[in-house]
Every structure is written in structure tokens, then in C-alpha cells.
Amino acid sequence: MALEASMGRRQHQRPPPPPSYSSAGNGVIFLPTNGMPAATAHHRLRLNPSADHNPDSYDDLQLEFSPLLYSSLERYLPPAMLSMSRDAKLLYMRGILLRYAPDGERNRLQMLREYKQKIISNYQPLNRELYTMHATNFFVPSFLKAINDNTVESFKSIMTESSPGIYTFEMLQPHFCEMLLSEVDNFERWVHKKKVRIMRPNTMNNYGAVLDDFGLENMLDKLMSDFIRPISRVFFPDVGGSTLDSHHGFVVEYGTHRDVELGFHVDDSEVTLNVCLGKEFSGGELFFRGVRCDNHVNSETKSDEILDYSHVPGHAVLHRGRNRHGARATTSGWRANLLLWCKSSAFRELKKYQRDFSSWCAECRREKKEKLRLSVAATKEELLKREVNSAS
């Protein structure tokens with residue numbers, strides 16, 4: 001059965017394995033219409049952004065979606081909309097965003113907001129340093145220097161492209177890893193003591209915690225916008241790497257009395273950051289099997305798409321969310337990973353009107369090349385026939 005796309009905040013997108021291998025905001029604001037009609041299905045974004053447009057800030061508003069998301073989308077509005085009032089632009093973009101979230105989904109999001117607010121109002125952090133971005137304390141010097149230099153060369157200098165589109169690099173200091181793990185442990189003990197139902201990161205993980213739910217949302221927003229987006233702008237422009245505007249951040253745990261492995265799936269993200277936090281473990285290798293669109297998610301894997309990667313504490317893997325992957329069994333010890341699913345609203349909206357995904361889907365690219373080859377062959381054959389006919 002083909003994979004169904006999901007707008008769920010916590011949902012992995014999981015296809016059955018191909019035969020070649022085994023599977024294992026805040027509050028709501030009511031917007032004034034100012035004479036504008038309600039947003040309808042014909043509202044859509046431009047394919048190319050307006051490079052010289054300076055978008056409004058929406059940070060002072062309480063919105064259903066991230067203020068950063070609205071500022072990011074604004075460059076993609078139709079030209080006639082760019083000169084309109086902020087309220088008019090907000091209404092237009094909100095209409096587009098709500099198409100992602102039907103009534104049932106909006107109700108679920110409201111419940112999540114209430115759940116988060118209840119936790120944040122009562123939970124006492126163990127390591128307050130974590131809740132504000134302290135780059136020099138969080139990242140290794142080589143990663144921080146590459147980000148500060150902000151050049152293609154500086155990014156490439158710290159990265160290994162283990163397979164096309166899969167980059168590995170040293171990122172987090174041991175002290176940060178230890179602090180984050182102790183914070184997650186403290187949160188889980190608090191949840192158990194207060195008998196609060198904990199929401200797990202996604203439908204495939206039974207252990208771990210959503211970091212946004214207990215106050216780390218702003219820090220992770222900075223991580224995405226200031227550190228991951230500059231890299232993604234260079235290496236993943238074909239999947240909205242320059243317009244990442246929302247995230248889902250969580251820690252997962254594997255080992256004895258925890259999850260053992262993670263089945264074959266794709267992420268609900270444009271770009272995924274996966275960093276091993278530790279500690280002592282064996283097994284748990286990531287396996288990758290190629291980037292696919294919805295139409296080809298169950299297609300055969302080619303030999304050049306196969307990669308097995310062994311985790312190293314403090315080291316990151318950065319890849320397209322649509323790169324099919326899973327995690328093998330953690331055979332001993334205990335392993336924890338920080339995951340940041342980075343999303344682009346502009347990319348997701350524009351993708352709805354596209355039919356050709358050959359810029360990033362490997363199977364689409366192969367089909368396109370094959371069609372071109374057949375067309376060239378047919379043209380050569382026709383020319384040969386004409387030469388034969390003219391000669392006779």
C-alpha cells in the first residue's frame with residue numbers, strides 16, 4: 001500500500017519495505033477581514049519568491065502557526081498582495097495554512113497547545129541553561145566556526161557526504177549532551193510523579209519525549225533558523241532548505257526496556273537533523289535507501305542509494321526527510337538521539353501544484369532520463385529512416 005502523506009505533527013510516514021530488504025502559537029487570534037473575502041481554495045503562492053520584498057514581522061501576535069512561518073511565506077505571496085496591509089496578508093496566508101489542517105486536525109492542535117501550556121506552567125527545569133541558545137557552550141568549535149563563516153567552503157570543511165545527500169559532522173559538546181539527557185530524565189520523572197500523560201515523539205517510538213512540550217521550543221527554533229537553515233540553504237535548496245520555518249524536536253531512546261529498533265519509513269520533514277547523544281551501546285545503525293516522492297516511496301532501491309551509518313555521540317546526520325531510512329536493533333547498552341524535523345510551509349504548498357519531482361526524487365529523475373533516452377533514440381531512428389529513404 002502506498003504511503004499516505006501526513007500533516008501530523010508527530011507522525012512518521014511509514015511505507016512497507018520493498019522486497020530488496022527487510023523492514024524491521026500559541027493561542028488563537030481572530031483576524032479582522034478588512035473587507036477581504038474569506039480565504040478560499042484558489043488562494044495559492046507564487047512558485048518563485050520576491051527576492052527584494054521585506055516581509056512583516058508577526059512576533060507580536062498570538063497565532064495558530066509560528067510567526068516565523070508567516071514571515072517566510074510572505075515572500076511567496078502574489079505581487080498584488082505584497083503591498084496590502086499586514087492583516088490582509090495574514091488572512092490570505094492563514095487560509096492557505098488551514099488547508100493543511102481540517103477541523104479535526106485543528107482541534108488536535110488546540111489540545112496539544114493546552115497540553116504544552118499545562119506542562120510549562122508547572123514543570124521546573126533542571127538545567128535552565130538549555131532553554132536559551134548558548135552556542136559556544138552547546139557546539140564544538142569546528143561547527144560553530146563553519147556557521148559563523150557561513151560559506152559553502154566552510155560547511156564542506158566539516159562535513160562528510162557519506163552518500164549523496166547524507167551529511168555527517170561533529171556538532172554537540174559532551175556537556176550539552178549530558179545536560180539534555182538529564183533534562184529529559186528529569187521531565188520523565190516529573191511526569192511519572194505528577195501522573196501526567198506524556199505524549200511520545202511519534203507513532204513509531206514508545207520512549208522519549210517531545211522537547212517543545214516542556215519549554216525548549218524557542219531554543220530549537222534558534223537551532224533551526226540560525227544553524228540548520230544556513231546549511232540546508234546550500235545543500236537542500238530543492239526541498240525548501242532556504243525556507244525552513246517550523247520544527248518538531250524530540251529525543252528518542254533505544255536499548256534494554258526501551259525501543260529496540262525503528263522500522264523503514266520517511267520523516268514528516270523537509271530536512272532532518274539526527275544527533276547521537278550517547279551513551280554506551282552497540283548496534284543501532286541507521287540504514288538509508290534513497291529519496292522518494294509519494295508516487296515512488298515503495299520503489300526498488302538502487303545499489304548507490306544504500307548506506308549503513310554507525311552512530312557516534314555528539315556527531316550529527318543531516319538528510320532530506322524523504323530519504324527512506326530506519327534503525328537497526330540496539331543490541332546492548334542504551335542509546336539516545338536528538339531529532340529535529342525541519343519543515344518548509346512554502347515548499348509544501350508549492351509541491352501541491354507540481355507533477356515533476358525529478359529535482360529531488362531519485363526515481364523521478366531516473367524516469368525522466370529514461371524518457372529522454374527513448375526520445376533521443378526515436379529521433380535518431382527517424383533520421384536514419386529519412387536518410388535511407390532519400391538515398392533510395
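Asp294 is partly exposed at 28% relative accessibility, a class that lies between buried (under 20% relative accessible area) and exposed (over 50%), as computed with a 1.4 Å probe on protein chains only. The model is a predicted one, in which local features need pLDDT of at least 70 and side-chain atom pairs count only at pLDDT 80 or more, while totals for chains, interfaces and linings use all residues. Residues are numbered from 1 along each chain as its sequence is written, and side-chain values use heavy atoms, with hydrogens and water left out.

Asp294 forms a salt bridge with Arg322, with 3.0 Å between the closest N and O atoms. A salt bridge is here a side-chain nitrogen of Lys or Arg within 4 Å of a carboxyl oxygen of Asp or Glu. This pair links distant parts of the chain, 28 residues apart: Asp294 belongs to the loop between β8 (286–291) and β9 (307–309), and Arg322 to the loop between β10 (315–320) and β11 (323–327). Strands (E, at least two residues) and helices (H or I, at least four) are DSSP runs numbered from the N terminus.

In total, the structure holds 22 salt bridges. Side chains of opposite charge can pair when their charged atoms come close. Another such pair is Lys352 and Glu349, with an N to O distance of 3.1 Å. Glu349 is buried at 0% relative accessible area, whereas Lys352 is partly exposed at 37%.

Within helix α11 (residues 362–391), Arg373 and Glu370 lie three residues apart, about one turn of the helix. Their side chains form a salt bridge at 2.6 Å, N to O. Arg373 is partly exposed at 46% relative accessibility, and Glu370 is partly exposed at 36%.

The largest nonpolar core has 68 residues, of which Phe139, Phe143, Met171, Phe214, Leu223 and Leu273 touch the most other members. Helix α8 (residues 174–194) gives the most to this core, contributing nine residues. Leu223 is in contact (heavy atoms within 4.5 Å) with Met133, Phe139, Met171, Ile228, Leu273 and Leu340, leaving aside residues up to four places away in sequence. A second, separate core of 20 residues includes Tyr70, Leu73, Met93 and Ile96.

Definitions and conventions
Core = buried A, V, L, I, M, F, W, Y, C linked by side-chain atoms within 4.5 Å.
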